[in-house]
Amino acid sequence: MKKEMDSQRLGTAPLGRLMVSLAVPAVAAQLINVLYNIVDRIYIGHIEGYGDVALTGVGVTFPIIMLISAFSAFAGMGGAPLASIELGRKDLQKAELILGNSAGMIVLFSAVLTVGFSIFKTPVLYAFGASDVTVGYAASYIGIYLVGTIFVQVAVGLNTFISGQGESKTAMLSVVIGAVLNIILDPILIFVLDMGVRGAALATVISQAVSAAWVLRFLTSGRSVMKLRVRNMRLNTDIVKRIAGLGVSPFIMQSTESMVSITLNSGLQNYGGDLYVGTMSIMTSIMQLILIPVQGISQGVQPIISYSYGAGDRERVKGAFMRLLAAGLLGTLVFGGVAVLVPEVYAGIFTNNEKLIELTCQVMPVYFLGITIFGLQSACQSTFLALGQAKVSLFIALLRKVFLLIPLALIFPRFMGVMGIYRAEPVADIISVATTGILFTITMKRVLRSMEESKRSKEA
């Protein structure tokens, strides 16, 4: 009874207090989660003698890491909002079926990704921007990381079902445990045991394994409102279609990050060289630091919107979105503003190489200009997902990166040289944010009108 009441508070607790209670742990979890890769890069960048080259090599592996995360988002972020909606409708059996099918998809994805990338990792790394100097470090890191693909998928993908039932503190702990362990293991394996980049990758695999174990333990225990059951992991065509319909948007958002990274790294290698690729390794990490708090807030608020939508509470949906919009916009404005106005605050964290720091400080204000207003798109995108608006969410996911950023990053340097690659980002961001705002206004009016009509027909 208590666990059912805990999930019902998504539709009954005071909105402001509930959002804080869910968003704060989610933000903390997201911030801590990003430490998995960022801490690795900080330590690697400070390895005596070859840290800057190793950092560039590990940066080249980012597209593979993002693609692995994208498949976990496909199953997890596609399934969790649907499960939350079913909880709002009091259909626990349907919610558990969605959870089980998401888990089954994660197991399948993990097997395919591990085998595929392990076989073709070297040519793939060259295609992603590695050079003869950096490919050895990249291969050493990703070779070990791939062994833990299943742990990453479970820890990231299924954790959304914990926060999706209002248990944001538990979801945060699953991330905290792994991240703290990673921070402890990194210096031991990298420096004490002299394993270098291989030590950083091994620390990440061990840490994600512990996080995955925590997630599975909770979802199979009596503490979880919806339980993970083996019988529900058998894929059901109709359920998979529903998960895929909603999950394709976050999948594209993350997988296209890989495409963007490949395009940018390859262009920087062609027009600039390893030092320019190094700036992107640093700025990719900084981008994560800026967007992670905003994504954490969205993750915390999403279950409220999904549950309230399932329960037909129109005003609660509106109120949650407006608060999400204000918090997201403030987050990107503040943290993005630091990158634009005082880039040296971020740049020196990752390397001691003065040339790399100087170049990064030159290009960072240009690259991050559009991110300052990106909180608007993040809030709208998350709300589309929470409401099950798969088609609009998919278009927005494609717009910024596939339709705008990648073509611009290929065209601009032909006329502007290497700086054209950096300038493509803010142009794509600004156009995308403006388009998203217009689409959201139109779509939200239609959704709210539909909820009002549905409420009237039930009352009649």
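Reader: Which residues have the most contacts inside the largest nonpolar core?

Author: In this predicted model, the largest nonpolar core is made of 40 residues. The elements that give two or more residues to this core are α10 (237-271), α11 (274-311), α13 (344-347), α14 (354-367), α16 (390-416) and α17 (419-459). Inside the core, the residues with the most contacts are Met283, Ile286, Ile290, Met364, Tyr367, Phe368 and Tyr422.

Reader: Which element gives the most to this core?

Author: Several helices give two or more residues to the core, including α10, α14 and α17. The one that gives the most, with eight residues, is α11.

Reader: With which residues is Met283 in contact, leaving aside its neighbours within four places in sequence?

Author: Met283 is one of the residues with the most contacts inside the largest nonpolar core. Once the neighbours within four places in sequence are left aside, Met283 is in contact with Thr360, Val363, Met364, Tyr367, Phe368 and Tyr422.

Reader: Is Phe403 buried, partly exposed or exposed, and what is its relative accessible area?

Author: Buried means under 20% relative accessible area and exposed means over 50%, with partly exposed in between. Phe395 is partly exposed at 35%, and Phe403 is also partly exposed, with a relative accessible area of 43%.

Reader: Where in α5 does the kink lie?

Author: Helix α5 (residues 92-127) has the highest mean pLDDT among the elements of the chain, namely 92. Its 36 residues would reach 52 Å as a straight helix at 1.5 Å a residue, but its end C-alpha atoms are only 46 Å apart. A kink of about 75° is found in this helix, shortly before the proline Pro123, and the residue at which it lies is Lys121.

Reader: Why is helix α3 described as largely enclosed by the rest of the structure, and how many of its residues are buried?

Author: Helix α3 covers residues 51-60, and the buried ones include Gly51, Leu55 and Val60. The helix is largely enclosed by the rest of the structure because, of its ten residues, the number buried is eight.

Reader: Which residues does Phe218 touch, not counting residues up to four places away in sequence?

Author: Phe218 is found in helix α9 (residues 196-219), and at 3% relative accessibility it counts as buried. Leaving out residues up to four places away in sequence, Phe218 touches Ile162, Gln165, Glu167, Thr170, Arg223 and Ser224.

Notes:
Residues numbered from 1 in each chain as written. Predicted model: local features only at pLDDT ≥ 70, side-chain atom pairs only at ≥ 80, totals over all residues. Heavy atoms only, no water. Buried < 20%, exposed > 50% of the residue type's maximum accessible area, 1.4 Å probe, protein only. Core = buried A, V, L, I, M, F, W, Y, C linked by side-chain atoms within 4.5 Å. Helix = DSSP H or I, 4+ residues; strand = E, 2+ residues; numbered from the N terminus. Contact = heavy atoms within 4.5 Å. pLDDT = per-residue confidence, 0-100. Expected span 1.5 Å × (residues − 1). Bend = angle between axes of the 7 residues up to and from the residue.
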